[in-house]
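I opened this entry to keep track of what I looked up and in what order. The notes below follow that order.

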Amino acid sequence: MTEIAKVLIVTGIVILVIGIILSLLDRVQFNQFKGLPGDIFIQKDNFIFFFPIVTSIVISIILSILFFLIFSVFRKQ
């Protein structure tokens, strides 16, 4: 039963953090956001292509570290 409680607590914290991030994103103007250096952005007459490869890699690294930390907490017990 304590494992279920831990999972619910972690899930609640993750939902809380996502909610805070989404509420803060309302203030950011994404029209001016061009991504990180290394992202592919091509704009021609009536064509726009944006491939956020570096942003995707950074998000992947952050999520990998986060999941490693979360699963290491559950593995110790």
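This is a predicted model: local features need pLDDT of at least 70, side-chain atom pairs count only at pLDDT 80 or more; totals for chains, interfaces and linings use all residues.

**Entry 1**

I40 sits in strand β1.

I then looked for a surface patch that includes I40. I found a nonpolar one of about 1,000 Å², made by I40, I42, F47, F49, F51, I53, I57, I61, I65, F68 and L69.

**Entry 1: the chain as a whole**

I stepped back to the overall layout. The chain holds two helices and two strands, and their order along the sequence is α-β-β-α.

What percentage of the 77 residues counts as buried? I noted 4%.

**Entry 2: I53**

I went back to the patch and picked I53, one of its residues. I53 is in helix α2. Its relative accessible area is 37%, so I53 is partly exposed.

Setting aside neighbours within four places in sequence, I listed the contacts of I53 as G38 and D39. I also checked I53 against G35: the two are 18 residues apart in sequence, and their C-alpha atoms are 9.3 Å apart in space.

**Entry 3: D39**

D39 came up in the contacts of I53, and I followed it next. D39 is in the loop between α1 (2-25) and β1. Is D39 buried or exposed? It counts as buried, because its relative accessibility is 12% and the cut-off for buried is under 20%.

I then looked at what the side chain of D39 reaches. A polar atom of that side chain lies 3.3 Å from the backbone nitrogen of I53. The D39 side chain also reaches the backbone nitrogen of V54, at 2.9 Å. With the side chain of T55, the side chain of D39 makes a polar contact of 2.6 Å.

- I53, through its backbone nitrogen.
- V54, through its backbone nitrogen.
- T55, through its side chain.

**Entry 4: T55**

I turned to the other end of the side-chain contact. T55 belongs to helix α2 (residues 53-75). At 17% relative accessibility, T55 is under the 20% cut-off and so counts as buried.

Which residues does T55 contact, if neighbours within four places in sequence are left aside? I found G35, L36 and D39.

**Entry 5: aromatic pairs**

I moved on to the rings. A pair of aromatic rings is described by the distance of the centres and the angle of the planes. I counted two aromatic pairs.

F41 and F50 make an edge-to-face pair, because their planes stand at 65° and the cut-off for that class is over 60 degrees. The centres of these two rings are 6.1 Å apart. I checked the exposure of both residues. F41 has a relative accessibility of 34% and counts as partly exposed. F50 is partly exposed as well, at 34%.

The other pair is F67 and F71, which I noted as stacked, with 6.3 Å from centre to centre and 25° between the planes. Both residues lie in helix α2, four residues apart, or about one turn of the helix. F67 is partly exposed at 43% relative accessibility. F71 has a relative accessible area of 46% and is also partly exposed.

**Entry 6: V7**

Last, I looked at α1. V7 is in this helix. With a relative accessible area of 44%, V7 is partly exposed.

I asked how far V7 lies from I70, in sequence and in space. The two are 63 residues apart along the chain and 9.9 Å apart from C-alpha to C-alpha.

Technical notes:
Residues are numbered from 1 along each chain as its sequence is written. Side-chain values use heavy atoms; hydrogens and water are left out. Buried means under 20% relative accessible area, exposed over 50%, partly exposed in between (1.4 Å probe, protein chains only). A polar contact is a pair of N or O atoms within 3.5 Å; within protein, one must be able to donate a hydrogen and the other to accept it, and residues adjacent in sequence count only if both atoms are side-chain atoms. Contact means heavy atoms within 4.5 Å. Rings of Phe, Tyr and Trp (its six-membered ring) pair if their centres lie within 6.5 Å; planes under 30 degrees apart count as stacked, over 60 as edge-to-face and the rest as tilted. Patches are made of residues with over 30% relative accessible area and no salt bridge: like charges are joined within 9 Å, nonpolar side chains (Val, Leu, Ile, Met, Phe, Trp, Tyr) within 5 Å. Accessible areas come from the Shrake-Rupley method with a 1.4 Å probe; for residues, only the protein chains shown count as cover. A salt bridge is a side-chain nitrogen of Lys or Arg within 4 Å of a carboxyl oxygen of Asp or Glu.
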